[in-house]
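User: I am new to this structure and would like to learn how to read its backbone. Please take me through it one feature at a time.

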Amino acid sequence: MASNRGKQTNKPTTVNSLLKSVTIVTLLLSFTALIVGGYWIFENKAPTPLEVVAPDGEIVMTEDTIKGGQAVFQKYGLMDYGTVLGNGSYMGPDYTAEALKVYTEGVQEFHAESQYNKAFDELESEERAIIEDNVIKEIRKNRLNDDQTILQVTDAQFFGIKQVEAYYHNVFQNGDNWGLAGGLIQKSHMPEEDRAYVADGDQIEQISHFFFWTAWISSTERIGEEITYTNNWPYYEDAGNTMSYSAILWSGVSITILALFIAIILYVFYRYHFGMEPAFTKDNYPVFNLNKKKPTVSQVKSAKFFLLVAIMFFVQVMFGALLAHYYTEPDSFFGIDWVYDILPFGVAKGFHLQLAIFWIATAWLGMGIYIAPNVGGVEPKRQGLLVDILFWALVAVVGGSIIGEWLGVNGFLGNMWFLLGHQGWEYLELGRIWQIGLVAGMAIWLFIVYRGIHNGLKKERDKGGLIHLLFYASIAVPAFYIFAFFINPDGNFTMSDYWRWWVVHLWVEGIFEVFAVVIIGFMLVSMKLVTRRSVTRMLYFQIILLLGTGVLGIGHHYYYNGSPEAWIAVGAVFSALEIIPLTLLVLEAYEQYKMMKEGGVDFPYKLTFWFLVATSLWNIVGAGVTGFLINLPAVNYFEHGQQLTPAHAHAAMMGVYGMFAIAVLLYSLRNVVKPEKWNDRWLKWSFWTLNIGLFGMVFISLMPIGFIQLKEAFDNGYWATRTSDFLQQDIIQNLMLIRAIPDTIFIIGVVILVLFCIKAMFNLRKPGHTPEKALPDDETEV
């Protein structure tokens, strides 16, 4: 393929200069607003009192026991089984909603006995109404002292707290009769003294105090306001928790603003021609002769990253199948008890999430390694050695973190649970040492990429050109994971959750998105299918939209975690606007489809394009439509932490990032595998089974269950949707059983991909370039 270096590479247009300026301003404004909003959360976060004191002066609990309980919750990975404040997994209960119900009923019971000498259930309707009204007033009143260090509770509240303690002692000693086995929390799992993050004394009592604290902030009004610390979530009328006006208002406003901005953005898009322009005419389609391609040493070595991708993908999916099975048989696997004993739901869920991030990220690491020499025009000396070091470092981090998480959850690590075991946060399960290893690995990868593209960066005088955009996006990948280090077990839960979503939302849903669109644009230019100028313009336009909407779109994660009410407005508006750049990707998908069709039967990257088109379509369906639904505050108030959330997560994570990861895998392997050994027929079967299976998983099982839960929450309160009794209803169980069909179809697609990658490893080309010697122009990609 001929070189595409010309004047347009070195001389940015006036339009591009304006777009760069807008991009920088958008970046600065968005992150300034997010940081200021974070400081605002810090100043107004839900407080943790130093002491909770009963009317007789007895200290009921302390800040140490509350935070110790939070550490116990994290140490045993319970966020991968149930949820707290709606955040976590979906098999177990929401411990906030559950504790709020037990606490509220305890307060009601106390007043029934003291006023009428009857159990609450035995009262007349008029008596019940009086007590219910008084209890709401009692528990919503904020009894913190002026400096918010001492919380006074009433006798009735003290009784309710004791009910919470008794309830969770029973749960953790005897199991919850669903997916949580008895005896999970053991005294022997921690030293008697000098415990790390866990306070002295009974761990079950501490976790009960933590759950009560989340129930207290969800049912107690902020000082001087008429809304609780969690903005009246979860919905539970007995505690006075009903939807706030702001949730209704900003749901309507966000839709209105979305309609306006769609019109504006589409006008700008077409008025200023931000679409991609073909670099070919109908009779002058680029000719791809893969027989003449000669990969470098590092490019050939990148292939093993893609084999690792396929293996991790398979293992991750099998854990997903196990998780789906547990909803119908929660404490066994087809009667095989030892599977549950070794891999209960919480452990399997942590592995499922971590491996998803690992295999998708690894595909992108492999892609970066592959394209680096072609961008720089030279294979740096000892680049292959660095690739080998990175590969084994990655294997060590993946394997070590998985083993560490299992050991930590099972209590084998003592005080080392946070460093080597399970950190306890959904998506950030791996211990701190493994996080450091992951960042170190990504730093090595960035160094490898930089060495490879260094010459290309020097030749591209435009510091905002395509190669520089690729480099900036590569820097952002390790940079934004660093915010995970701001989270520690003894931190305030609200602030820790603030930083957690910097990683989960901004890194996975933001930076990955930017990296993806840059890579797609880069691939299209490298294949001489679109003009470099139009792709650069398109990338800046999309990055502006992604940053301008996605950064503050993080606010939908802060609705009910103890953050101020204003985040409902911020999250609602910007989350709604996130759908705009995703919608434009459908137009891009159509353009990609047309380019592919023009290539005819001889186009060697056909399956890469199939997966790119799938990426764009799943982006609008998965990230856009299903995400828009659950991010509306009026819907999220009832839905938060229910099955509509994993419906969105599967459609977005697998549908977007997973499909894109497979696309870059196929593009890279296509150029390092012997052309005569390549077989698109296998890959076509993999494509259709993966997409059909994913569609069925989301829309035949998860979405219907989610809508049933939504109605249940509206009718009976949020707590009712997360009980084992609800999940054992025939209609839910039948939908879960039906899910086995699309799951099986999906697994077939994964197995085909694994077999394909194994075969590819036996049919790699021999390296054809000497390190430090310039590659010929027709071997370079830009």
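Analyst: Start with Asn232, which lies in the loop between α7 and α8. Keep in mind that this is a predicted model.

User: Is Asn232 buried or exposed?

Analyst: A residue counts as buried under 20% relative accessible area. Asn232 has 7%, so it is buried.

User: Which residues does a cis peptide bond join?

Analyst: Most peptide bonds are trans. Here Trp233 and Pro234 are joined by a cis bond, with omega at about 0 degrees. Pro234 is in the loop between α7, residues 203-219, and α8, residues 245-271.

User: How do strands β6 and β7 run, and how many bridges join them?

Analyst: The two strands run antiparallel, and 2 bridges join β6 (residues 422-425) to β7 (residues 428-430). For one of the residues involved, Trp425, the bridge partner in β7 is Leu428.

User: What do β6 and β7 form, and how many residues are between them?

Analyst: They form a hairpin, with 2 residues between the strands. Tyr427 lies in that loop between β6 and β7.

User: What is phi at Tyr427?

Analyst: The general idea is again that most residues other than glycine have a negative phi. Tyr427, though not a glycine, has a positive phi of about 80 degrees, and this residue sits in the turn of the hairpin.

Technical notes
Residues numbered from 1 in each chain as written. Predicted model: local features only at pLDDT ≥ 70, side-chain atom pairs only at ≥ 80, totals over all residues. Heavy atoms only, no water. Pairing = 2+ DSSP bridges. Helix = DSSP H or I, 4+ residues; strand = E, 2+ residues; numbered from the N terminus. Buried < 20%, exposed > 50% of the residue type's maximum accessible area, 1.4 Å probe, protein only.
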